[in-house]
Amino acid sequence: MEYMKSFEKIIAEQLVRVEKMKTADEFVDFEKLDKIVVGVIDGDGIGPIILTEARRVLNELLKAEIEAGKIELRTIEGLTLENRIAKNETVPADVLAAIKSCHVLLKGPTTTPSKADNLPNIESANVTLRRELDLFANVRPVSIPEKNLDWIFYRENTEGEYVLGSRGVDINEDISVDFKVTTTAGTKRIARAAFEYAKANGNKNVSIVTKANIMKKTDGKFLDLCYQVAKEYPDIKTDDWYVDIMAANLVNEQIRSNFNVFILPNLYGDIITDEAAQIQGGVGTAGSANVGGKYAMFEAIHGSAPRMVTDGIAPYANPSSILKAAEMLLRHIGFVAKADSLSAAVDFSQSSKNMTGDASGDTATDFADCVISKLKEA
Ligand code: IPM
Ligand code: MG
């Protein structure tokens, strides 16, 4: 039976992955590097538009560091839908090599080809990159100070339902099977990242989100291990919720400001973070960090918005999300003061520009101009 062989192969690969995780990379100490290489990837759709603006902003903000050779902004070409389809590779080998020559990445949205669009059903570039670079923590902050909301989501980013990407198995015409995998090392490292953040930020509350009542093996393990890690942080208040009621909690004004740090398996994290970003003002407003031991990739939480391109309104795309991602990148490499000034300039531009996403409002360039003039004032 062909599918038994596929299943065997999948399990064998997972066993290898688990062993690799046990000897994972140490976190990079950016202070010790002579030069930090920031790879900038345009992506598809509105990607080149918002990344052009992000590059302009970073060139201004980091002018001195770039001139001194402390930072290099390196454009990585070729992570486009056309090139990926032409090569029939999610992330073409030469592009992956170029990416691996950088320390951190600022990445525009990449379109995932879909069967429905009559394109080859290759895997999402995001999922491939997260796996190839072992970016296990997807960190997504959402905050609305005037509503007292201060959330940060620690989404497991390499396993769960995403572990195989698009390599599930069609058993026959009638049955298709995907896989969900939870590992001890994979769960402990995301839990630890979340608790460390909570501890470093005044022992914020931590909430574990699963569906362990139904997914007893995978989510059951995730929940148990998160509580196990919680024991190392006795000063932190930890609770757990099922994902369905957590989706409701986020729109429940009576209780939602009690939540701070969330730990979620991959797919629930994907869904809940879009909901949270929408509460903050839309998926265009949130930034997203994908952090591993060796590499880290920062991206907008939204997609490539191909419809904005076909409707001719791509120049009106809001660059806030990618600029927030850039802010997270700066924090990650230890440029905290720069990150703070970028954050202030983006907040100011959000309140003074009118980003409607169409010709009735301001363009991405108008927005970046505003950010840059604010940065120059500072
Ligand atoms: C996200 C996106 C991705 C995901 C897609 C583009 C593969 O929705 O980063 O949340 O599902 O993780
Ligand atoms: Mg998503």
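Predicted model: local features only at pLDDT ≥ 70, side-chain atom pairs only at ≥ 80, totals over all residues.
Student: Which strands stand at the edges of the open sheet?

Tutor: Let's start with the order of the 10 strands, which runs β2-β1-β3-β12-β11-β4-β5-β10-β8-β9, with mixed pairing. A strand at an edge has a single partner strand, so one side of it is left without a neighbour in the sheet. The strands in that position are β2 (71–76) and β9 (238–242).

Student: By how many degrees are neighbouring strands of this sheet turned against each other on average?

Tutor: Direction is ignored here, and the value is an average over neighbouring strands. That average is 20°.

Student: Which residue in β5 does valine 139 stand opposite?

Tutor: Good one to find in the model! Strand β4 covers residues 137–144 and pairs with β5, residues 149–156, in the antiparallel sense over 8 bridges. Opposite valine 139 you will find tyrosine 154.

Student: Which helix packs on the sheet, touching β4 and β5?

Tutor: The helix you want also touches β8 (206–210) and β10 (261–264). Its direction makes about 155° with that of β5. Spanning residues 266–280, it is helix α10.

Student: Which helix gives the largest share of the shell around ligand 1?

Tutor: The residues around ligand 1 are Ser124, Asn126, Val127, Arg130, Arg140, Arg155, Tyr162 and Asp270. By class, the shell has 2 nonpolar, 2 polar and 4 charged residues. The largest share, 3 residues, comes from residues 125–132, that is, helix α6.

Methods: Residues numbered from 1 in each chain as written. Chains lettered and ligands numbered in written order. Heavy atoms only, no water. Pairing = 2+ DSSP bridges. Helix = DSSP H or I, 4+ residues; strand = E, 2+ residues; numbered from the N terminus. Axes fitted to C-alpha atoms, helices over the stretch in contact; angles between N-to-C directions. Contact = heavy atoms within 4.5 Å. Near = heavy atom within 4 Å. Nonpolar A, V, L, I, M, F, W, Y, C, P; charged D, E, K, R; others polar.
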